[in-house]
Amino acid sequence: FAVVEICAGGRWGAEMGDRDVTLAECVGLLSSESRERKFMGMVLVTKLVHGLDPESLRAVSEAEGFGRFLTSMLRATAVVNTAKEGEDDDLDDGLMMAMGDEERETKAEQVTASHALALAVCAALTRSPDVAADPSFQERIPIFAAAMRRANRYADLPVTAVGDACETCAAVIAAGGEEAEAAAGSLGLVAAAAAAVIAAVEDAADDDDDDRPTDSLVDSLGPNDAVLRSIQLLGQLLESHAASEPIHARDDRGDSSKTQPRSHARTNRKAVKSRPGARVAVAKPAKPKHNPRARAVANAMPSLAWTVASRPGRPEQIESLRCLVLAMSFAPARRPEGDWPTELARIARVSARSGMSVNPGAAGGGWLDDLRGGLSSVLRSKTTREMRHAALDLCSAAADMAGAPRGGGGGTRAP
């Protein structure tokens with residue numbers, strides 16, 4: 001882990017010298033038996049990525065032993081991993097409580113640096129469609145989803161690394177086609193993407209509150225880049241029927257007690273006959289009162305509205321507008337009887353209490369006011385016909401949603 005810190009600080013150049021590093025040398029480092037040299041090779045990948053063609057990226061990804069090492073870095077913990085292959089090992093994170101405060105903090109920082117470097121490499125490599133289509137990356141989607149949610153060991157992940165996870169998933173799904181979209185749907189990746197949007201936008205909003213020139217935001221490749229990549233992924237998933245299915249209907253088989261509140265882990269007993277004259281009690285899981293994945297996506301609506309209002313003319317605004325049209329117009333019309341219209345109605349009712357607003361002192365406040373202001377700026381600007389049509393469609397959908405009855409579903413409309 002010390003090597004991660006040295007590499008991240010740029011001091012790996014002393015080891016390599018001042019000369020240019022070739023692709024062959026990079027692959028050689030990644031194929032080395034030494035962990036330190038593998039770390040240095042990974043940092044070089046992030047430095048060389050803009051000059052590498054798809055074939056070169058493929059050569060890097062196929063370096064001997066590199067795939068296993070990359071996965072081990074993505075799954076790194078501050079304690080010895082006791083989980084068996086294929087099992088969720090997030091319980092190991094609790095063992096850190098046995099350490100002293102200083103030791104625990106140091107270990108956590110080292111693990112976070114490892115995760116961030118590994119995610120940056122994944123984002124770099126999957127810019128090659130051939131690499132993104134490799135089954136190993138599709139198998140890592142649950143890891144990327146946990147990173148996007150900042151769950152457990154990923155709690156301190158920087159927002160730029162969250163953006164790297166989003167970019168990687170977007171490339172993997174685009175390269176994998178229907179099979180990858182179905183996998184994303186079964187894993188509920190759309191909820192993780194929504195969590196990434198919320199985290200990235202909150203970070204960007206905090207940056208806007210800092211005392212620094214507004215022009216510096218335009219050149220930012222940090223938080224705002226993460227905003228763009230997370231919103232692009234969410235839009236990509238909402239556009240896919242298979243990937244967006246979790247917001248319309250709950251998959252009781254996929255909702256385990258680990259991903260639900262404890263109250264949802266309760267079971268009901270149903271008596272069934274096993275043989276003549278005998279009855280046994282079979283545990284039947286109780287259904288949650290709401291669709292957790294639909295609620296997670298609905299909770300991202302205020303962040304999308306804030307982006308539309310606060311980023312006029314920026315790529316983030318365009319992608320947010322597209323995302324909102326998909327979420328508020330196309331998705332409810334696709335499955336008006338599903339869970340999604342109910343969650344949209346709920347988030348509309350809590351608009352005034354949403355907490356984040358471009359104009360928090362304005363009368364009413366809330367994310368619907370942000371959306372109204374953002375759409376007004378789009379319609380008043382010199383924008384494309386497609387943007388105007390999207391804004392008008394969203395105006396109609398927002399008006400329907402604002403007037404929807406408490407039961408939900410009344411705000412749906414044909415696109």
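Me: Where is the place of R150?
Reply: First, a heads-up: this is a predicted model, where local features need pLDDT of at least 70, side-chain atom pairs count only at pLDDT 80 or more, and totals for chains, interfaces and linings use all residues. Helices (H or I, at least four residues) and strands (E, at least two) are DSSP runs, numbered from the N terminus. With that settled, you'll find R150 in the loop between α10 (141-149) and α11.

Me: What is the phi of R150 near?
Reply: Most residues other than glycine have a negative phi. R150 isn't a glycine, yet its phi is positive, near 55 degrees.

Me: Is R150 buried, partly exposed or exposed?
Reply: Buried means under 20% relative accessible area, exposed means over 50%, and partly exposed is in between (1.4 Å probe, protein chains only). R150 has 26% relative accessibility, so it counts as partly exposed.

Me: What about N152, what is its phi near?
Reply: N152 is also in the loop between α10 and α11. N152 counts as partly exposed because its relative accessibility is 47%. Its phi is another positive value in a residue other than glycine, near 50 degrees.

Me: Stepping back, how many helices and strands are there in the protein chain?
Reply: The protein chain has 415 residues, of which 47% count as buried. Count up its elements and you get 21 helices and two strands.

Me: Among contacts between residues at least 6 apart in sequence, what share joins residues at least 24 apart?
Reply: Contact means heavy atoms within 4.5 Å. Take the contacts in the protein chain between residues at least 6 apart; the share that joins residues at least 24 apart is 70%.

Me: Which residues does D164 contact, leaving aside its neighbours within four places in sequence?
Reply: D164 belongs to helix α11 (residues 159-187). Its relative accessible area is 14%, so D164 is buried. Setting those sequence neighbours aside, D164 touches L119, A120, A123 and R229.

Me: How many of the ten residues of α17 are buried?
Reply: Helix α17 is mostly covered. Among its buried residues are M301, P302, L304 and W306.

Me: At roughly what angle do the axes of α17 and α18 cross?
Reply: Two packed helices are described by the angle between their axes and the distance between the axes. Axes are lines fitted to C-alpha atoms, for helices over the stretch in contact, and angles run from 0 to 180 degrees between N-to-C directions. For α17 (residues 301-310) and α18 (residues 315-334), the axes come within 8 Å and cross at roughly 140 degrees.

Me: Is the crossing of α17 and α18 left-handed or right-handed?
Reply: A crossing is left-handed if the near helix is turned anticlockwise from the far one by less than a right angle, and right-handed if clockwise. The crossing of α17 and α18 is left-handed.

Me: Why are α18 and α20 oblique to each other, and at about what angle do they pack?
Reply: Angles under 35 degrees count as roughly parallel, over 145 as roughly antiparallel, 65 to 115 as roughly perpendicular, and the rest as oblique. The axes of α18 and α20 (residues 367-380) are 12 Å apart. The two helices are oblique because of their packing angle, about 120 degrees.

Me: How many charged residues does the contact of α18 with α20 have?
Reply: On the α18 side you have Q317, L321, L324 and M328, and they meet residues of α20 including W367, L371 and G374. Ala, Val, Leu, Ile, Met, Phe, Trp, Tyr, Cys and Pro count as nonpolar, Asp, Glu, Lys and Arg as charged, and the others, Gly among them, as polar. The contact of α18 with α20 has seven nonpolar and three polar residues, and the charged number is none.

Me: How far apart are the axes of α17 and α20?
Reply: α17 and α20 pack at an angle of about 30 degrees. That angle makes α17 roughly parallel to α20. The distance between their axes is 8 Å.

Me: Which residue's side chain does R380 join in a polar contact?
Reply: R380 is in helix α20, and it counts as exposed because its relative accessibility is 73%. A polar contact is a pair of N or O atoms within 3.5 Å; within protein, one must be able to donate a hydrogen and the other to accept it, and residues adjacent in sequence count only if both atoms are side-chain atoms. At 2.9 Å, the side chain of R380 makes such a contact with that of S376.

Methods. Residues are numbered from 1 along each chain as its sequence is written. Side-chain values use heavy atoms; hydrogens and water are left out.
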